[in-house]
Amino acid sequence: PDELTTDEARAMMTRVREFGPVIFVFSGGDALKRPDIVELVRHGSELGMRMAITPATTPLCTKDKMLELKEAGLVRLAVSLDGSHPGIHDSLRQVDGSFDHGLRILREAQEIGLSTQVNTVVRRDNIDDMDAMCALMTQLGIVFWEVFFLVPMGRAKPEDVASAEEFE
């Protein structure tokens, strides 16, 4: 009930466009749960913004839905991968199968010609996996790897943040 209506979202996007030809990213939760997501991507594209999305790595992100979004003007799709294998990623995200869905989504997005990137949150639990993550990134065909430092909020606790020495 607290989501923007379609009209409110369109109006907000129109205001954002006043900043210039920005990159507009739908993120989540899961933006694919919005029944108007294709309409909103089309609106942003028609305004001249570069439209992107970071869908949740679930079965909801299908090849057909990605194709529909691409036809509406989506140019980039980003997937969160927080480990080089399901054991690390799925435990951090607390969703079994999330890693495999992420790889599937990247592969299918590339098959239909969408530019892809990976977002990774670095935290104490995965910092020793970064060499393996680098190797995986070179194999995925992505154009960008965005690495974030964990901000302790939600399920993340201050003790999950790696130390300065660990980050170095």
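A residue counts as buried when its relative accessible area is under 20%, as exposed when that area is over 50%, and as partly exposed in between, with a 1.4 Å probe and protein chains only. By that scale S163, at 23% relative accessibility, counts as partly exposed. The structure is a predicted model, in which local features need pLDDT of at least 70 and side-chain atom pairs count only at pLDDT 80 or more, while totals for chains, interfaces and linings use all residues. Residues are numbered from 1 along each chain as its sequence is written, and side-chain values use heavy atoms, with hydrogens and water left out.

**The chain as a whole**

- The secondary structure comes to 7 helices and 5 strands, where helices (H or I, at least four residues) and strands (E, at least two) are DSSP runs numbered from the N terminus.
- Followed along the sequence, these elements give the pattern α-β-α-β-α-β-α-α-β-α-β-α.
- The radius of gyration of the chain is 17 Å, close to the 15 Å that the globule rule gives for 168 residues, so the chain is as compact as a globular protein of that length; the radius is taken over C-alpha atoms, and the rule is 2.2 Å times the number of residues to the power 0.38.
- Taken along the principal axes, the box that the C-alpha atoms fill is roughly 45 × 35 × 30 Å.
- Of the 168 residues, 42% count as buried.
- Among the contacts in the chain with a separation of 6 or more, 72% are accounted for by residues 24 or more positions apart, a contact being heavy atoms within 4.5 Å.

- Two packed helices are described by the angle between their axes and the distance between the axes.
- Here the axes are lines fitted to C-alpha atoms, for helices over the stretch in contact, and angles run from 0 to 180 degrees between N-to-C directions.
- Helix α1 (residues 6–17) packs with helix α2 (residues 37–47) at an angle of about 25°, and their axes are 10 Å apart.
- The two helices are therefore roughly parallel to each other, given that angles under 35 degrees count as roughly parallel, over 145 as roughly antiparallel, 65 to 115 as roughly perpendicular and the rest as oblique.
- On the α1 side the residues that meet α2 are T6, A9, R10, M13, T14 and R17, and their partners in α2 are E39, L40, H43, G44 and L47.
- By class, this contact of α1 with α2 has 4 nonpolar, 4 polar and 3 charged residues, where Ala, Val, Leu, Ile, Met, Phe, Trp, Tyr, Cys and Pro count as nonpolar, Asp, Glu, Lys and Arg as charged, and the others, Gly among them, as polar.

**Helices α4 and α5**

- Helix α4 (residues 86–93) and helix α5 (residues 98–111) have axes 8 Å apart and pack at an angle of about 105°, which makes α4 roughly perpendicular to α5.
- From α4 the contact is made by P86, H89, D90 and R93, and from α5 by S98, F99 and D100.
- The residues of this contact of α4 with α5 divide into 2 nonpolar, 2 polar and 3 charged.
- Within α4, the residues I88, H89, D90 and L92 are buried, and the buried residues of α4 pack against β3 (74–80) and α5.
- In helix α5 lies R104, which counts as buried at 17% relative accessibility.
- Leaving out residues up to four places away in sequence, R104 touches T58, P59, C61 and T62.

**Backbone features in loops**

- Most residues other than glycine have a negative phi, and most peptide bonds are trans.
- Q94, although it is not a glycine, has a positive phi of about 60°; Q94 lies in the loop between α4 and α5 and is exposed, with a relative accessible area of 54%.
- G28 and G29 are joined by a cis peptide bond, with omega about 0°, and G29 lies in the loop between β1 (23–26) and α2.

**The loop between β5 and α7**

- V151 lies in the loop between β5 (144–149) and α7 (164–167) and is exposed, with a relative accessible area of 53%.
- From C-alpha to C-alpha, V151 and V121 are 9.0 Å apart in space, and in sequence they are 30 residues apart.
- S163 also has its place in the loop between β5 and α7; S163 and R123 are 40 residues apart in sequence and 9.1 Å apart in space, C-alpha to C-alpha.
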